[in-house]
Protein chains: 2
Amino acid sequence: MKRRLLLVSNSTLHGGGYLGHCEKQIQEFFGENVKRILFVPDKLQSLGYAVDSIHETADPVEAVKKAEGIFIGGGNTFRLLKALYDHNLVPEIKRRVLQDGVPYMGSSAGTNVSTVSINTTNDMPIVYPPTLAAIGLVPFNINPHYLDPDPSSKHMGETREQRIQQYHEEPNTPSVLGLREGSMLLVEGQKATLLGTTKARLFARGKPATEYTPGSDLSFLLAEGV
Amino acid sequence: MKRRLLLVSNSTLHGGGYLGHCEKQIQEFFGENVKRILFVPDKLQSLGYAVDSIHETADPVEAVKKAEGIFIGGGNTFRLLKALYDHNLVPEIKRRVLQDGVPYMGSSAGTNVSTVSINTTNDMPIVYPPTLAAIGLVPFNINPHYLDPDPSSKHMGETREQRIQQYHEEPNTPSVLGLREGSMLLVEGQKATLLGTTKARLFARGKPATEYTPGSDLSFLLAEGV
């Protein structure tokens, strides 16, 4: 299993620039061998990033086949997943990452689509993808931008934890790792490590939620397969 | 058009009991002629409400055919819409409300499913309904629990307004009425009136958002048809 993933909660941290809070981890992750990174936005339009942008290629599948590294950024998760299916990119990205060891970095929506499904996205369902099943690079789900309840709030909408608990009311639903802003997960083969500056909250179906500090070994989450 | 709808933003307002903030409007809405109300929860399980609960009937479609009034409450909008389709209730509810004039009250998720689609729900997509198209009792969408941005927040997730703007980046998307907690919309035939204690924020595709105070006539939203 050559899998190498860097799954980031959020693209921008309060007070910082785009990907500023994970710049060091990104450099370590892609290293010196990767010279060009293929960028996949939620809309196949230009975002002005200094990498190969998949929407500028005539053949997106071919671009994935040739990619040295893949970065899928933020945006609307429903639109992103629909775009991935519309362009037949899901199986090819999965093959490249799991079989060829091409490093995959996701941020926010790009983290969601790397997991089992987008059932635990925070985004508004502005479009209808053909399925909520995602690329499946790991055998669990992630909730990016994980947010603790605000005890002073008078808003009566469900808390994030309540929403994830609703998900676990459904049968056969995988664990959900709540990645707070500032945290990220590094996956290397069968090893998973929590990085960043904030704790993560893990929800396993039928069990109490548990907290993990940066540096924690979360490899047990990968044991279920893929 | 016999349509009579009471579309409530939220089931519980901070500091009050279940439906306490709209008790008066509910009594005025159903009046003295309606003796029994059919209640449709998001899961077809008992919620202990003093009305006919649809999940206790052997034949949910028949229950809708006989209903004097319909109330669809809160819960997860995806699970609710999927349950409505799984039990073939969408066309029958639409017929009863639009043709027979059966009063329909929705709250939160029950308000979402009464509109064109659930594309503007706040809920987590914990299940995959066969479509996001909803009952279509009005020709626009509603965002219940509408929430203004918190200027003191350091959280970097999209604001509610940004999410609705993302929806309007998609072609042919209807207007979205943001109903803040405490507000509700009364629809009688071709007349729509904002009720409650809070303003509503209207998003029309390609136009600046506008605010409406309680008592405002929003009938123009119904002019697009249905």
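User: What is the mean pLDDT of chain A, and how many of its residues reach 70 or more?
Analyst: The mean pLDDT of chain A is 90, and 95% of its residues reach 70 or more. The model is a predicted one, and pLDDT is the predictor's confidence in each residue, on a scale from 0 to 100. The model as a whole scores ipTM 0.88 and pTM 0.91.

User: Where does pLDDT stay under 50 in chain A?
Analyst: That stretch is residues 45-50 of chain A, for which the model has nine contacts beyond four places in sequence.

User: What makes the radius of gyration of chain A agree with that of a compact globule?
Analyst: The rule for a globule is 2.2 Å times the number of residues to the power 0.38. For 226 residues this gives a value near 17 Å, and chain A has 17 Å, so the two agree. Along the principal axes, the C-alpha atoms of chain A fill a box of roughly 50 × 40 × 35 Å.

User: Why is helix H3 of chain A called mostly covered?
Analyst: A residue is buried when its relative accessible area is under 20%. In H3 (residues 77-86) of chain A, seven of the ten residues are buried. Among them are A:Phe78, A:Leu80, A:Leu81 and A:Leu84, and A:Arg79 is also on the list.

User: Which elements do the buried residues of H3(A) pack against?
Analyst: In chain A they pack against strands E2 (38-40) and E4 (70-72) and helices H4 (90-98) and H5 (109-112); in chain B they pack against H6.

User: Why are E6 and E11 of chain B said to stand at the edges of their sheet?
Analyst: The sheet is open, with four strands in the order E6-E7-E10-E11 (chain B) and mixed pairing. Strands E6 (141-146) and E11 (210-212) of chain B each have a single partner strand, so one side of each is left without a neighbour in the sheet. From one strand to the next, the twist averages 25°.

User: How do you know that E7 and E10 of chain B pair?
Analyst: Pairing needs at least two bridges. Four bridges join E7 (residues 176-180) to E10 (residues 200-203) in chain B, and the two strands run antiparallel. In one of these bridges, B:Val176 has B:Phe203 in E10(B) as its partner.

User: Why does B:Leu5 count as buried?
Analyst: The cut-off is under 20% relative accessible area. B:Leu5 has 0%, so it counts as buried. B:Leu5 is in strand E1 (residues 4-8) of chain B and touches, among others, B:Phe29, B:Val97, B:Tyr104 and B:Leu137. The C-alpha atoms of B:Leu5 and B:Gly106 are separated by 7.8 Å, although the residues are 101 apart along the chain.

User: Is B:Glu92 buried or exposed?
Analyst: B:Glu92 has 11% relative accessibility and therefore counts as buried. B:Glu92 belongs to helix H4 (residues 90-98) of chain B. Leaving out residues up to four places away in sequence, B:Glu92 touches B:Val61, B:Val64 and B:Lys65.

Methods:
Residues numbered from 1 in each chain as written. Chains lettered and ligands numbered in written order. Predicted model: local features only at pLDDT ≥ 70, side-chain atom pairs only at ≥ 80, totals over all residues. Heavy atoms only, no water. Axes fitted to C-alpha atoms, helices over the stretch in contact; angles between N-to-C directions. Contact = heavy atoms within 4.5 Å. Buried < 20%, exposed > 50% of the residue type's maximum accessible area, 1.4 Å probe, protein only.
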